[in-house]
Amino acid sequence: MQDIDINKATEPYEYYLKFIKENCRPDNRRLSDIRPCNVTTNCINTVNGSSLVKLGSTNVICGINARLCRPKEDRPNKGYIVCNVEVPALCSSKNFKSSTQSSSFSQSSVSSSTIEQTQAMLSQLMQDILTESKCINEEELCIKVGKLSWVLFIDLICLNNDGNVQDACCVAMVSALKNLRLYQIEYNEEEDKPVVKYPLEYKSLILYNEPVLTTLFAIEENILLTDPNKHEEDFMKTFVHICTIDSQKICLIRKLGGFCLKIEQLNMCITRALDNGKYIRENVYKNKY
């Protein structure tokens, strides 16, 4: 029979703090370490671009469907992008509450929110990352001004939630965009309809930046963790999202819930985010393309 640490079962927070005070974690990581990150691309053959990301035991799959549509009236020369994130209750052993069970939302903890709130928050976060990073020029999605453009439906599904779903979603989204293929199409003005070239010719979408999201959690006023797992998320009191686009530039920074961070703590968060972004771009993105 496997031995069970009584303190871990009866006093999980105190048990965890013993490791933190020694600048390590129960899974043998330092406070600033992320879990192994692996990406598999072109894993769905029914979409225009796809990827599967494994961040530790957190698994997220992304599929991008490209559809033709009429541009929006206020942006006739641009296509557009729609992000949707699903985090089913079955993806975690610790089930989320449904909207009928809780009407309150605490931004200090993802695990305390309902399924609907979590999915809405993550979907908006992915949309904001694309907007703020300017990684896609939406004018390049337009085929005929005011008549025809591409709309990209980016669907992300968490298959297994072992913490830090948002960072895994960002890697999956960017990886799928990097292998996205759009077929060549023209617009026939005389017949007022799109014309597809045969044989089909495909083109890639140009990414002008490669955003990497880094989430840091605080469990005490002077303790910051990078890439927390699900058990660590249960102890968090505040968290910070930082999205970088290269080794020196930040496109998004957001703090939710908990206590105020000191200047030196915020600088530490930025340094870790820049280092993590560089690592992901050099060891995850480049190795796959």
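Are Tyr13 and Phe235 buried or exposed? Tyr13 is buried, and Phe235 is buried too. Buried means under 20% relative accessible area, exposed means over 50%, and partly exposed lies in between, with a 1.4 Å probe and protein chains only.

This is a predicted model, where local features need pLDDT of at least 70, side-chain atom pairs count only at pLDDT 80 or more, and totals for chains, interfaces and linings use all residues. Residues are numbered from 1 along each chain as its sequence is written, and side-chain values use heavy atoms, with hydrogens and water left out.

**Overall make-up**

- The protein has six helices and 14 strands. Helices (H or I, at least four residues) and strands (E, at least two) are DSSP runs, numbered from the N terminus.
- The protein has 289 residues, and 47% of them are buried.
- Among contacts with a separation of 6 or more, 67% join residues 24 or more positions apart. Contact means heavy atoms within 4.5 Å.

**Aromatic pairs**

- Five aromatic pairs turn up in a search of the whole structure. Rings of Phe, Tyr and Trp (its six-membered ring) pair if their centres lie within 6.5 Å; planes under 30 degrees apart count as stacked, over 60 as edge-to-face and the rest as tilted.
- Tyr13 and Phe235 have ring centres 5.4 Å apart and planes at 65°, so this pair is edge-to-face.
- Tyr13 lies in helix H2 (residues 12-20), and Phe235 lies in the loop between helix H5 (230-233) and strand E13 (238-244), so the pair ties together parts 222 residues apart in sequence.
- Tyr13, Tyr16 and Phe235 form one aromatic cluster.
- Tyr15 and Phe19 also make an edge-to-face pair, at 5.2 Å centre to centre and 65° between the planes. Both residues lie in helix H2, four residues apart, about one turn of the helix.
- Tyr15 is buried, at 16% relative accessible area. Phe19 is partly exposed, at 26% relative accessibility.

**A charge over a ring**

- The charged end of Lys72 sits over the ring of Tyr80, 4.7 Å from the ring centre. The cut-offs are NZ of Lys or CZ of Arg within 6 Å of the ring centre and within 35 degrees of the ring normal.

**Helix packing around H4**

- Helix H3 (residues 115-133) and helix H4 (residues 165-178) have axes that come within 11 Å and cross at roughly 50°. Axes are lines fitted to C-alpha atoms, for helices over the stretch in contact, and angles run from 0 to 180 degrees between N-to-C directions.
- H3 is thus oblique to H4. Angles under 35 degrees count as roughly parallel, over 145 as roughly antiparallel, 65 to 115 as roughly perpendicular and the rest as oblique.
- The H3 and H4 crossing is right-handed. Right-handed means the near helix is turned clockwise from the far one by less than a right angle, and left-handed means anticlockwise.
- H3 residues including Leu122, Met126 and Ile129 meet H4 residues including Val165, Cys169 and Met173.
- H4 also packs with helix H6 (residues 263-285), at about 50° and with axes 12 Å apart. This crossing is right-handed.
- Cys170, Val171, Val174, Ser175 and Lys178 of H4 make the contact with Ile280, Val284 and Tyr285 of H6.

**Thr214**

- Thr214 lies in strand E11 (residues 212-220). Thr214 is buried, at 0% relative accessible area.
- Thr214 and Gln166 are 48 residues apart in sequence and 8.6 Å apart in space, C-alpha to C-alpha.
- Leaving out residues up to four places away in sequence, Thr214 touches residues including Asp167, Thr226, Val240 and Asn276.
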